[in-house]
Amino acid sequence: MPKSIGVKSIIGGVCLALLIFIGTSVIAYSHLTQLMELSSDKSQEQLADVVTQMQRTQLSMILGHSSSLAILIVLCGLLLKQHSRLKAEIEQICDRQQSQTTPEHIAQREQLILSSAQRIRQTLDLETILDTTVTEVREFLGVDRVLIYRIWSDGTGSTVAESVSSDISPILGQTFPAEVFPEQMHQLYCQGRIRTVVNPETDDVTPCLVEFLQHLGVKSKLVVPILQQEKLWGLLIAHHCSQPRQWHSLEIDLLYQLAIQVTIAIHQAQLYQQLQTELIERQSIENQLRQARDQLEIRVQERTAELMQTNADLQTQIHERQEVEAALRISEERFRVALNNSPITVFNQDRNLRYTWVYNPASRINTDLLIGKLESEMFAPENAQKLIPIKHRVLTTGVAERKEISIIVDGNVRYYDLTVEPLRNHAKEVIGITCAATNITQIRIREQALRESERFIQRIAHAMPTALYLYDLVEKRNIYSNQQITQFIGYSPEEIQAMAPTFPQNLIHPDDQVKLITTIQRFATAKEGEIIETDYRIQHKSGEWRWLYSREMVFTRTADGLPQQILGTAQDITEHKQAELIRLALAQEQELRQVQLNFFAMASHEFRTPLSTILASVQLLKYYYSEELNNKIIRNIDRIEKTAKTMTQLLGDILTISRAETGKLEFTPHPIKLEKFCYQLVEEMQLNAGSDYSINLLSQHELTIVCLDEKLLRSILINLLSNAIKYSPVGGQIDLIVTCSQSTATFKVKDSGIGIPIEDQKKLFSIFHRGTNIGNIPGTGLGLAVVKKCLDIQGGTISVNSEVGVGTTMTITIPLPST
């Protein structure tokens with residue numbers, strides 16, 4: 001009986017111990033659950049109380065059954081050992097959970113995000129931002145490696161930023177083939193997927209990924225995509241290599257927020273690069289304009305006196321242009337300061353277009369005033385109407401848009417480069433928009449100013465009375481000409497540029513080619529600002545040769561200091577050259593004429609005395625020895641007398657012309673009986689002409705006595721009647737018709753001789769000119785020249801009416817002085 005009771009007691013004790021063990025385990029599990037549900041604000045004392053309560057419950061249950069005491073003691077030891085191990089694990093879990101959810105940890109996370117945003121505002125160096133981001137994330141998460149993986153257009157990728165523990169092999173700069181990153185994963189990441197791998201060996205991952213992670217020694221990883229306008233730019237990846245790791249929502253959200261910050265930094269760096277490129281281009285254009293301005297000022301200062309008034313106008317315009325450039329420089333400085341302080345404003349809006357977050361707002365706008373407000377509440381209606389449709393389209397279509405807009409702020413037009421992208425949640429739903437706005441007002445103002453400056457210079461160049469051109473010595477072509485060049489050579493600036501490199505060599509006169517080559521060679525040693533002048537002939541488009549006078553200087557040089565381009569002006573001096581040639585010809589002709597006149601004067605004076613002696617001797621011979629001389633001697637004496645008279649008349653004519661040319665021909669009118677004078681002159685001329693010719697006097701006059709210079713009138717009528725007799729056939733009739741009124745005396749000498757050809761009538765009064773149809777008729781060509789000189793000094797005129805083979809009528813009109 002005792003034996004059976006003992007066995008039963010033992011069996012009962014074991015069963016009771018098992019029940020107690022099961023109960024304590026349930027109780028321990030309950031307490032464990034309670035421990036796991038403790039929030040981060042539970043203190044260590046509360047955790048200790050829970051553990052103590054669990055221990056007491058187990059002990060009271062065991063001690064409540066006295067028949068199983070020995071067994072329970074053994075089991076109690078086992079339970080205490082299990083309890084200690086369980087307590088340690090619970091404490092470890094609680095410590096880690098508490099460390100990740102404490103306010104300090106949350107504050108550290110927020111500080112990390114804030115510092116990342118601050119870096120983006122303070123620096124535009126993308127490499128620095130990425131390196132700092134991976135370093136701080138690795139320190140915060142306590143992982144072995146954090147990297148940024150850049151995906152290229154061909155599907156390959158490489159590590160562009162990495163922070164790694166000292167015992168882990170770095171992979172910075174390594175490039176991985178496209179097979180490492182399958183297309184299906186690319187699409188998922190484009191949709192914003194975040195991937196966590198706690199343990200590659202137990203998680204649902206592909207074998208190739210497991211093998212790749214094992215190759216890198218990665219036990220656990222967290223991947224967040226970096227999107228740029230809905231395109232996958234790269235990945236932000238955290239690797240834990242020591243052991244598998246459970247990724248918490250706080251850590252996932254941190255990487256997600258930092259990926260957004262990296263996206264903003266990438267976008268900001270791209271905009272900065274674009275602005276830098278535009279700024280360099282603008283500065284290059286301004287430098288070229290500044291050089292053109294300096295060269296233009298040098299040219300204006302050295303222009304001739306004929307352009308002084310134009311220079312004054314140009315100086316005024318250049319001064320205005322300098323003021324504009326000063327204003328542009330001030331505007332450029334403002335733009336530079338604005339750029340250094342990050343001109344990009346980034347903000348988020350929800351689906352109702354209420355502001356939820358603003359980064360780097362305009363200085364005049366308070367961020368707190370923007371949050372929660374609509375566009376219509378903050379901006380004028382006309383501005384809101386431009387912005388709202390763009391944002392609504394992005395919200396509706398989910399497609400990002402970039403557009404330049406202009407809005408009116410404080411009465412001034414502002415220009416912005418606006419980028420609007422959809423803002424999505426983890427489920428890829430569009431929950432709002434992210435906008436980036438860059439103020440490009442100054443850029444637009446500068447562009448407008450540059451265009452106005454270019455038009456200003458063009459107007460100056462085209463308004464110049466001289467041709468302005470820019471010639472490239474290296475390319476051997478004309479790269480610029482103003483419109484004035486067309487007036488000089490007939491070719492438009494476009495036609496001139498199309499002639500390269502044959503212009504201007506093919507148009508320069510052959511005799512001036514050497515001069516042109518020599519001028520170009522002089523530029524090799526020309527100093528800065530030295531003006532090289534030359535004149536040459538160039539062929540007009542019409543074929544005419546025109547003279548140009550050019551002033552040229554070196555405009556730009558090559559890197560070796562050799563002249564590259566020359567700036568020049570040209571003037572058409574064709575008329576000046578022609579006038580100069582005419583002046584030289586006239587001077588030569590006057591010099592020759594003076595020599596002739598001097599000779600004529602000398603001959604007249606030297607020959608008159610011998611001729612007078614000859615005539616006196618002939619007349620004495622005829623008077624005293626006429627009866628003793630035979631007919632042959634008398635004919636010779638008559639020939640001598642006639643020749644001497646002709647010589648005397650010739651010398652008289654020469655002396656008259658010489659006096660007229662030198663201003664010594666005198667005009668001394670006095671009263672004469674005109675009819676008597678004309679009758680005696682006709683009688684004398686008839687006596688000399690003999691019976692071979694008939695000279696008739698026809699007189700129609702109101703006055704019998706007129707005031708004329710008898711000597712000049714005699715010379716005029718003798719020459720006209722002599723020509724009429726000389727060029728009339730034997731037996732011809734010559735008429736002298738005299739008409740006199742109160743104001744003029746008119747004399748007409750009419751013959752029926754050989755006449756004067758039309759082409760000879762143009763040079764009729766030139767010295768020594770004789771008609772082309774006179775044949776062997778002797779003459780000197782001085783008679784009509786003497787008539788013209790005698791008429792000119794009296795203010796008289798002469799007209800000719802002649803027809804070849806019919807006859808000639810010479811009409812002279814002499815004004816009479818008023819009484």
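A polar contact is a pair of N or O atoms within 3.5 Å; within protein, one must be able to donate a hydrogen and the other to accept it. Gln565 and Asp472 have such a contact between their side chains, at 3.4 Å. The model is predicted.

- Gln565 sits in strand E16, which spans residues 563-572.
- The relative accessible area of Gln565 is 14%. The cut-off for buried is under 20%, so Gln565 counts as buried.

**Aromatic pairs**
- The count of aromatic pairs is four.
- Phe181 and Tyr189 are stacked, with 5.8 Å centre to centre and 5 degrees between the planes. Phe181 and Tyr189 are both buried.
- Phe347 and Tyr355 have ring centres 5.3 Å apart. Their planes stand at 55 degrees, so this pair is tilted. Phe347 is buried, as is Tyr355.

**Aromatic cluster**
- Tyr149, Phe176 and Phe212 belong to one aromatic cluster.

**Charge over a ring**
- Which residue lies over the face of Trp547? Lys577 does, at 4.5 Å from the ring centre.

Note on methods: Residues are numbered from 1 along each chain as its sequence is written. This is a predicted model: local features need pLDDT of at least 70, side-chain atom pairs count only at pLDDT 80 or more; totals for chains, interfaces and linings use all residues. Side-chain values use heavy atoms; hydrogens and water are left out. Rings of Phe, Tyr and Trp (its six-membered ring) pair if their centres lie within 6.5 Å; planes under 30 degrees apart count as stacked, over 60 as edge-to-face and the rest as tilted. Buried means under 20% relative accessible area, exposed over 50%, partly exposed in between (1.4 Å probe, protein chains only). A charge sits over a ring if NZ of Lys or CZ of Arg is within 6 Å of the ring centre and within 35 degrees of the ring normal. Helices (H or I, at least four residues) and strands (E, at least two) are DSSP runs, numbered from the N terminus.
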